[in-house]
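Q: I have a chain on my screen and would like to go through it step by step. Could we begin with a term that I shall need, and then turn to the parts of the chain?

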Amino acid sequence: MNLEEYTLAIGKIVVNLHSLEFALRTFLWNHESPQNPPNWNTQIPQLQVGQTVPVNAFTNYDTLGKLVDKFNSVVLPVDASLCVDPEVVGLRDALAHGRVWAQAPHPPMQLVKFNKPSNGLVTVTHAERVDDQWLQSQASRVSGEIEKVAKAGLKMQPSKWPEAT
């Protein structure tokens with residue numbers, strides 16, 4: 001794997017994480033306003049910098065972890081198999097806040113993340129070798145979590161989740 005292939009593979013994981021967050025927010029937004037219309041009338045492509053809109057599941061400042069918790073609390077009583085694995089948050093945090101190191105400017109690389117300092121020390125909270133296998137497995141892992149949200153949407157909010165064609 002060369003550096004360009006590595007970059008594309010990391011990008012695929014990041015895009016999947018963005019898609020997961022979008023799907024979670026959409027599900028929770030639909031859950032907040034089960035009757036049409038939704039709890040705001042703004043079209044997303046028309047949003048402008050400086051515009052104000054109501055706080056809802058789509059616009060709030062919830063972290064991915066909080067979104068997963070909220071989603072799972074709604075879905076668990078209906079179908080536990082559709083709950084999102086909360087450990088996906090660790091992957092997102094490692095990619096967002098971790099450090100990537102390689103002995104040469106090409107893969108494989110090492111991804112490490114540290115916790116907040118305490119008494120002048122930090123603890124390693126994430127350490128993984130990022131190679132082809134890891135990249136493929138993480139992209140598939142996050143894709144599987146997106147599928148769970150879509151299945152939950154189809155099952156619990158069928159009029160708001162069109163089946164994929």
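This is a predicted model: local features need pLDDT of at least 70, side-chain atom pairs count only at pLDDT 80 or more; totals for chains, interfaces and linings use all residues.

Q: Which side-chain oxygen reaches towards a backbone nitrogen at the start of H1?
A: It belongs to Asn-2: a side-chain oxygen of this residue comes to within 3.0 Å of the backbone nitrogen of Glu-4.

Q: And how many residues has H1?
A: Helix H1 covers residues 3-32, which is 30 residues. From the first C-alpha to the last, H1 reaches 43 Å, close to the 44 Å expected at 1.5 Å a residue.

Q: Stepping back, how many helices and strands does the chain have?
A: There are four helices and three strands. Read from the N terminus, the elements follow the order α-α-α-β-β-β-α. The C-alpha trace spans about 55 × 40 × 35 Å along its principal axes.

Q: In what order do the strands lie in the sheet?
A: The order is S1-S2-S3, in an open sheet with antiparallel pairing. Strand S1 (99-101) and strand S3 (124-130) are the edge strands, each pairing on one side only. From one strand to the next, the twist averages 20°.

Q: Which helix packs on that sheet?
A: Helix H3, residues 88-97, does so, and H3 touches S1, S2 and S3. The direction of H3 makes about 100° with that of S2.

Q: Over how many bridges do S2 and S3 pair?
A: Strand S2 (residues 109-114) pairs with S3 over six bridges. Among the partners, Phe-114 is bridged to Val-124 in S3, and Val-112 to Ala-127 in S3.

Q: What about S1 and S2?
A: S1 and S2 pair over three bridges, also in the antiparallel sense. Here the bridge partner of Val-100 is Leu-111 in S2.

Q: A new topic: what is the volume of the largest pocket?
A: The largest pocket has a volume of about 170 Å³. Its lining consists of Val-14, Leu-17, His-18, Glu-21, Leu-64, Arg-92, Leu-95 and Ala-96.

Q: Which elements give two or more residues to that lining?
A: Those elements are H1 and H3. The largest share, four residues, comes from H1.

Q: Why might residues three or four places apart in a helix point the same way?
A: An α-helix has 3.6 residues a turn, so residues spaced three or four places apart point the same way.

Notes:
Residues are numbered from 1 along each chain as its sequence is written. Side-chain values use heavy atoms; hydrogens and water are left out. The expected span of a helix is 1.5 Å times one less than its number of residues. A polar contact is a pair of N or O atoms within 3.5 Å; within protein, one must be able to donate a hydrogen and the other to accept it, and residues adjacent in sequence count only if both atoms are side-chain atoms. Two strands pair if DSSP finds at least two bridges between them. Axes are lines fitted to C-alpha atoms, for helices over the stretch in contact, and angles run from 0 to 180 degrees between N-to-C directions. Contact means heavy atoms within 4.5 Å. On a 1 Å grid over the protein atoms alone, a cavity is a set of points where a 1.4 Å probe fits but cannot get out, and a pocket is an open set with protein on both sides within 12 Å along at least five of seven lines; lining residues have an atom within 4 Å of a point. Grid points are joined across faces, edges and corners, and a volume is the space filled by probe spheres set on the points.
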